[in-house]
Amino acid sequence: MVKGVSKTVIVVNNTGSKLFEKIVFYVTPEYGNLSAKQLKKAAGNFSFNYDENFSGKRMLRNRIKRKKQIRALAISGAVLLAAAVALIIIL
């Protein structure tokens with residue numbers, strides 16, 4: 001049985017991936033009234049370089065970057081704490 005339901009669909013044929021030849025996005029009905037340009041931009045925000053993510057290289061780079069950011073925050077916090085203690089001692 002076929003229902004008379006219309007959906008807004010975006011089909012991406014050029015995914016840039018060896019694994020996937022096509023991606024289909026079904027737009028939520030409440031956002032179906034957005035312009036085609038807005039919908040394309042939203043679909044473009046998804047990573048079409050899945051092969052790179054799949055290999056783990058990007059995940060490894062992100063993990064290293066995150067560790068460096070945490071280390072920098074910890075050092076900054078220690079410096080601020082030392083400055084606060086020094087100010088308390090001086091006063």
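**Stop 1: the whole chain**

Keep in mind that this is a predicted model. Show the protein chain as a cartoon and look for 3 helices and 2 strands.

How many of the 91 residues, as a percentage, count as buried? The figure is 10%.

One more thing to keep in mind is how the chain meets itself. Take the contacts with a separation of 6 or more: 35% of them link residues 24 or more positions apart.

**Stop 2: the strands**

Select Ile23, which sits in strand E2. Is Ile23 buried, partly exposed or exposed? With a relative accessible area of 23%, Ile23 counts as partly exposed, because buried would mean under 20%.

Ile23 and Ile10 are 13 residues apart in sequence, and the gap in space is 8.2 Å.

**Stop 3: a nonpolar patch**

Next, select Val9, Val11, Val24 and Tyr26. On the surface these residues form a nonpolar patch, and together they have about 370 Å² of accessible area. Which elements give two or more residues to the nonpolar patch? They are strand E1 (9-12) and strand E2 (23-26).

Zoom in on Tyr26, which belongs to strand E2. Tyr26 has a relative accessible area of 61%, so it counts as exposed, the cut-off being over 50%.

**Stop 4: a positive patch**

Finally, select Arg63, Arg66, Lys67, Lys68 and Arg71. These residues gather on the surface in a patch of positive charge.

Click on Arg66 to finish. Arg66 lies in helix H3, which runs over residues 57-90. Its relative accessible area is 48%, so Arg66 is partly exposed, since exposed means over 50%.

Key:
Residues numbered from 1 in each chain as written. Predicted model: local features only at pLDDT ≥ 70, side-chain atom pairs only at ≥ 80, totals over all residues. Heavy atoms only, no water. Patch = residues over 30% accessible without salt bridge, like charges linked within 9 Å, V, L, I, M, F, W, Y side chains within 5 Å. Areas by Shrake-Rupley, 256 points an atom, 1.4 Å probe, with all protein chains shown as cover. Salt bridge = Lys/Arg side-chain N within 4 Å of Asp/Glu carboxyl O. Lys, Arg positive; Asp, Glu negative; His and termini not counted. Charge placed at Lys NZ, Arg CZ, Asp CG, Glu CD. Helix = DSSP H or I, 4+ residues; strand = E, 2+ residues; numbered from the N terminus. Buried < 20%, exposed > 50% of the residue type's maximum accessible area, 1.4 Å probe, protein only. Contact = heavy atoms within 4.5 Å.
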